Amino acid sequence: MSLPLRGLWTEWTLAVAFLREGRAQSLMIAVGVAVGVAVIVFIAALIQGLQANIIERTLGTQAHIRLLSPDEVNRVLPPPAGTLQLVQEDRRAQRLRSINNWQQVSATLDRLPDLEAVSPVVSGPAFARRGEAVVSVALTGIDPARYRRIIPLEQYLVSGRLRVGADDAMIGKRLADDLGVRVGMKLRLETGQQHSRVVNVAGIFELGVRELDSRYVYLDLKQAQSLLALPGGVTVIDLTVADIFAAERIAERVGRLTSLKAESWIETNAQLMNALTAQSLSTNMIIVFVAISVAFGIASVLSVSVVQRTREIGILRATGATRRQILRVFLLQGALFGLLGSVLGSAVSYLLVWVFNTFGPGLFYIPVPPVLVVAALLLATLTGLLAAAVPARRAARLDPVVAIRYV
Amino acid sequence: MSEATHEVLRLEGLRKSYYLGRPNETEVLHGIDLAIERGDFAALVGPSGSGKSTLLNLLGLLDTPTGGELTLLGRPTSGMDDAGRTALRGSAIGFVFQFHHLIQAFSALDNVLMPLMLARGRPDAEALDRARELLAAVGLARFADARPNQLSGGQQQRVAIARALVTQPALLLADEPTGNLDTRTAGEVFELFRRFNRERGCAVLLVTHDPRLSATCDRTLELVDGQLVSDAMNR
């Protein structure tokens, strides 16, 4: 053990020579491992690709975190000591309110390293009217430069231009169809506060989400503020984060920092996240069970090999091989089975993915992340090493006297 | 003192039992006392079942005695663990078996190098030289790259002898080394043992059934029913 590298040269040479000698056996188990690894890499890549695609589509039309004013609550005066107080309370209706001091909050958030974009938004309900037709809509006042970093509206534009402000508005494709308006036509927006304004449809977008495309109307902050009677206010601050899976944690931190209600996309899409988690779980189960069957394959081939090489093990022991050296020879063989098989399997999985991407349904593209391949190589090699443990121990424990006489 | 340094191996009351502590416990060696010195060339003879192979395995540290002491090159071995005995075996003892026992996956040269590779890792130039020299000494210089299955029985046994000598052991143990060979080849192999004993001074102990072979050795040890019944110098 004092010279592990120099010592390993001999074990390596023996392991490779044994593998070469049992060529057919080695090849068969390597192919077995390869099939397992190919399945693991392909399924993992497929599911990762699918999930990334779903998440991308989901997050393409919403902020990662939304900051809202905390709910208004009734305050109850504490009763004098010794008095029993019975309170019957109706929850307060939540009126549209501006976030207090939002300019300063927004400036603070701009400096947080976890956040990629900060966009104050004012949003509220309204009606869009054209002639006799009235449709309820969601007014959203934005600062386009900031908002585009939350939702890249230019990507979703189907006609017209990305322009809000100075009586220009952008509306969803379905809403435009429902009202029969095209770019350049006029639309009247009314809110419950008796405010109303005629706007010019500058652009029509299609986010691909029915609910949004039939309700969203984008204005600039000023117009929306005046329509919703919130001069100078914003109701929501939209945020995006670099690591989308850290959204929940960051939301909690930002919420505490600003004393606002913070909702992460993970929270608002709990069902989707549940589905994705269940899917990942089943993928992981497939991976674990395939790995287990690969491990048993390697273990059984090596067990047979130990029996076949009993006499040679005895000779090696008689010529000065220690138990540890014998152990390492067989551990190395197991690791080599894993490594060879996974190299072959990774190549096959690349082929499978290529076939899927080229001839498959074409709904989405699967990338094969190099990390996945490296992980598969490591996993298979480690599995081989572990699988070899039992046969290798048996080889190391052989009594040389008995082993040499073994025919 | 000079007496002690000439001694390769000393056995004192060496005993070996099988099925120790069980009702069918059998003692096969009943206290052997023996000393082997540098340059000894001894034959170990005796009928089948007398314990020759058991004794040889004990001498080669492949097996552990159940009683007595075995001192190899001045080092008592009774307290050693498996790793210690393996290290001592690797450096002090060369084995030649009846069935040549080469590793089929390696060439003749690599088989000869095996004890050195196991002890020191990748062979250096000196190790390679020594292995080639030994192959040449057993007359197989041309067959360095041949696989064992490409060699005849006598050639394989000569490779095994070269392997046993590559660590320059103090003691060469051979279990029926010629038992599997025809008379002429057996004679050649036997001559090799003689030559290495003379030229390199290593002690040789052969187990043999062949009375003609034992007669040409310098010393004959006779084992009957687990006891050394005679220890005679020939001529």
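Predicted model: local features only at pLDDT ≥ 70, side-chain atom pairs only at ≥ 80, totals over all residues.
Student: Where does UniProt place the feature "domain: ABC3 transporter permease C-terminal" in chain A?

Tutor: The UniProt record, an unreviewed entry, puts that feature at residues 285–400 of chain A. Over residues 285–400 of chain A, the chain is 84% helix and 0% strand, with end C-alpha atoms 42 Å apart.

Student: Which residues of chain A does the record list as "transmembrane region"?

Tutor: The unreviewed UniProt entry gives residues 27–47, 285–308, 329–356 and 368–390 of chain A. Take two of them. Residues 27–47 of chain A are 100% helix and 0% strand, and their end C-alpha atoms are 30 Å apart. Residues 368–390 of chain A are 87% helix and 0% strand, and there the ends are 34 Å apart.

Student: What span should helix H14 of chain A have, and what does the model show?

Tutor: Helix H14 of chain A covers residues 370–387, which is 18 residues.

Student: Which residues of H14(A) are buried, and what do they pack against?

Tutor: The buried residues of H14(A) include Val373(A), Ala376(A), Ala380(A) and Leu385(A). Helix H2 (23–59), helix H11 (270–308) and helix H13 (323–359) of chain A are what the buried residues of H14(A) pack against.

Student: Why do residues three or four places apart in a helix point the same way?

Tutor: An α-helix has 3.6 residues a turn, so residues at that spacing point the same way. Helix H9 of chain A is a case to look at. In H9(A), the buried residues are Ala247(A), Ile250(A), Ala251(A), Val254(A) and Thr258(A). They cover an arc of only 105° around the axis, which puts them on the same side of H9(A).

Student: What covers that side, and what comes just after the helix?

Tutor: The cover over the buried residues of H9(A) includes strand E1 (65–68), helix H3 (102–110), strand E9 (236–241), strand E10 (261–264) and helix H10 (265–268) of chain A. Just after H9(A), Ser259(A) has a positive phi of about 60°. The span of H9(A) can be checked too: its 12 residues, 247–258, should span 16 Å, and the end C-alpha atoms are 16 Å apart, which agrees.

Student: Which residues touch the most other members of the largest nonpolar core?

Tutor: That core has 128 residues, and the ones touching the most other members are Ile298(A), Phe330(A), Leu44(B), Val112(B), Leu171(B) and Leu205(B). H13(A) gives the most to this core, 13 residues. A second, separate core has 54 residues, among them Val118(A), Leu139(A), Ile142(A) and Val201(A).

Student: How many residues does each chain bring to the contact between chain A and chain B?

Tutor: Chain A brings 23 residues and chain B brings 24. On the side of chain A that touches chain B, helix H1 (4–21), helix H12 (310–318), H13 and helix H16 (400–405) each supply at least two residues. H1(A) has the largest share, nine residues. By type, this side of chain A divides into 10 nonpolar, seven polar and six charged residues.

Student: Is Phe143(B) buried, exposed or partly exposed?

Tutor: Phe143(B) has 19 other C-beta atoms within 10 Å; a buried residue needs 20 or more, so Phe143(B) is partly exposed. Phe143(B) sits in the loop between helix H5 (125–137) and helix H6 (153–165) of chain B. Leaving out residues up to four places away in sequence, Phe143(B) touches Ala108(B), Leu151(B) and Gln155(B).

Key: Residues numbered from 1 in each chain as written. Chains lettered and ligands numbered in written order. Helix = DSSP H or I, 4+ residues; strand = E, 2+ residues; numbered from the N terminus. Expected span 1.5 Å × (residues − 1). Buried ≥ 20, exposed ≤ 12 C-beta atoms within 10 Å, placed from the backbone. Contact = placed C-beta atoms within 7 Å. Arc of directions from axis to C-beta. Core = buried A, V, L, I, M, F, W, Y, C linked by C-beta atoms within 7 Å. Nonpolar A, V, L, I, M, F, W, Y, C, P; charged D, E, K, R; others polar. UniProt positions renumbered as here; feature names shortened; annotations may be inferred.
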